[in-house]
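Hi,

Here is the structure I promised to pass on.

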Amino acid sequence: MAIETVLKMGDPRLLRKARPIEAFDTPELHELVSNMIETMKALDGAGLAAPQIGVDLQVVVFEVNANPRYPDVETIPLTVLINPVLAPTGDEMKEDWEGCLSIPGMRGLVPRYVKLHYSGFDIYGREIVKDVEGFHARVVQHECDHLFGVLYPMRIRDLRNFGYSSALFPEKRLPDE
Ligand code: NI
């Protein structure tokens with residue numbers, strides 16, 4: 001296992017469309033996922049997508065438990081999601097603050113679908129099918145956007161709602177990354 005360098009916004013590798021995984025349960029896939037989980041945890045991220053460490057494959061990981069970057073939100077079990085397909089349930093969208101390990105120190109107000117149906121596969125190729133809402137749905141949408149080369153600032157409706165965490169939320173003392 002290794003903590004990988006997370007690419008920062010501006011790196012063209014973050015703008016690629018990721019390729020699907022074709023072989024599951026391989027040593028290479030296990031190593032990739034282990035490194036992604038270790039990197040996410042080391043940086044206190046809520047999630048990480050493979051393109052963020054320069055790997056253009058459709059793999060995301062996410063987990064939220066008492067995360068200092070998101071002190072006020074619900075917990076999400078550790079999930080490895082491969083070749084995901086997202087289908088919003090209904091039209092309702094809500095704006096809330098997001099950060100990204102590729103855009104350290106900043107937050108933006110991003111609209112996301114409130115309710116989401118998603119499917120995909122785990123590391124062994126077993127199908128995952130879930131219906132989620134709220135912050136869980138937001139995290140899945142954010143991470144899967146990375147697989148299409150979309151970073152959250154591209155979705156901000158009003159760029160006045162984009163800035164440094166330390167200036168937006170001086171009282172919260174959020175970590176820089
Ligand atoms: Ni991100």
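This is a predicted model: local features need pLDDT of at least 70, side-chain atom pairs count only at pLDDT 80 or more; totals for chains, interfaces and linings use all residues.

Asp158 is partly exposed, with a relative accessible area of 26% (buried is under 20%, exposed over 50%, partly exposed in between, using a 1.4 Å probe and protein chains only). Asp158 makes a salt bridge with Arg160, where the closest N and O atoms are 3.0 Å apart; the term stands for a side-chain nitrogen of Lys or Arg within 4 Å of a carboxyl oxygen of Asp or Glu. Arg160 itself counts as exposed, at 71% relative accessibility. Salt bridges with shared partners also join Glu98, Arg112, Arg138, Asp145 and Arg155 into one network.

Residues are numbered from 1 along each chain as its sequence is written, and side-chain values use heavy atoms, with hydrogens and water left out.

Back to the salt bridges: the structure holds 10 of them. One joins Asp56 to Arg19, with 3.5 Å between the closest N and O atoms. That pair links distant parts of the chain, 37 residues apart: Asp56 is in the loop between strands E1 (47-49) and E2 (59-64), and Arg19 is in the segment before helix H1 (27-42). (Helices, H or I with at least four residues, and strands, E with at least two, are DSSP runs numbered from the N terminus.) Arg19 is partly exposed, its relative accessible area being 47%.

Another one is Glu63 with Lys41, at 2.7 Å between the closest N and O atoms. Glu63 sits in strand E2 and Lys41 in helix H1, so this pair ties together parts that are 22 residues apart in sequence. Glu63 counts as buried at 13% relative accessibility, whereas Lys41 is partly exposed at 43%.

Now the sheet. Five strands form an open sheet in the order E1-E2-E3-E6-E7, with antiparallel pairing (two strands pair if DSSP finds at least two bridges between them). E1 and E7 stand at the edges with a single partner strand each, so one side of each has no neighbour in the sheet. From one strand to the next the twist averages 35°; axes here are lines fitted to C-alpha atoms, for helices over the stretch in contact, and angles run from 0 to 180 degrees between N-to-C directions. E3 (residues 76-88) and E6 (residues 115-121) pair over five bridges, and Ala87 stands opposite His117 in E6.

Helix H1 lies across E1, E2 and E3, at about 35° to E2. Helix H2 lies across E1, E2, E3, E6 and E7, at about 70° to E3. Contact means heavy atoms within 4.5 Å.

And which protein donors does the nickel ion have? They are Cys100 (SG), His142 (NE2) and His146 (NE2), lying 2.1 to 2.3 Å from the ion. Donors are N, O and S atoms within 2.8 Å of the metal (3.2 Å for Na, K and Ca), and water is not among the atoms, so sites may look incomplete. Along the chain the donors follow the spacing C-x41-H-x3-H. Cys100 is in the loop between E4 (93-98) and E5 (106-113), and His142 is in helix H2 (residues 134-146), 42 residues apart. Both Cys100 and His142 are buried.

Cheers
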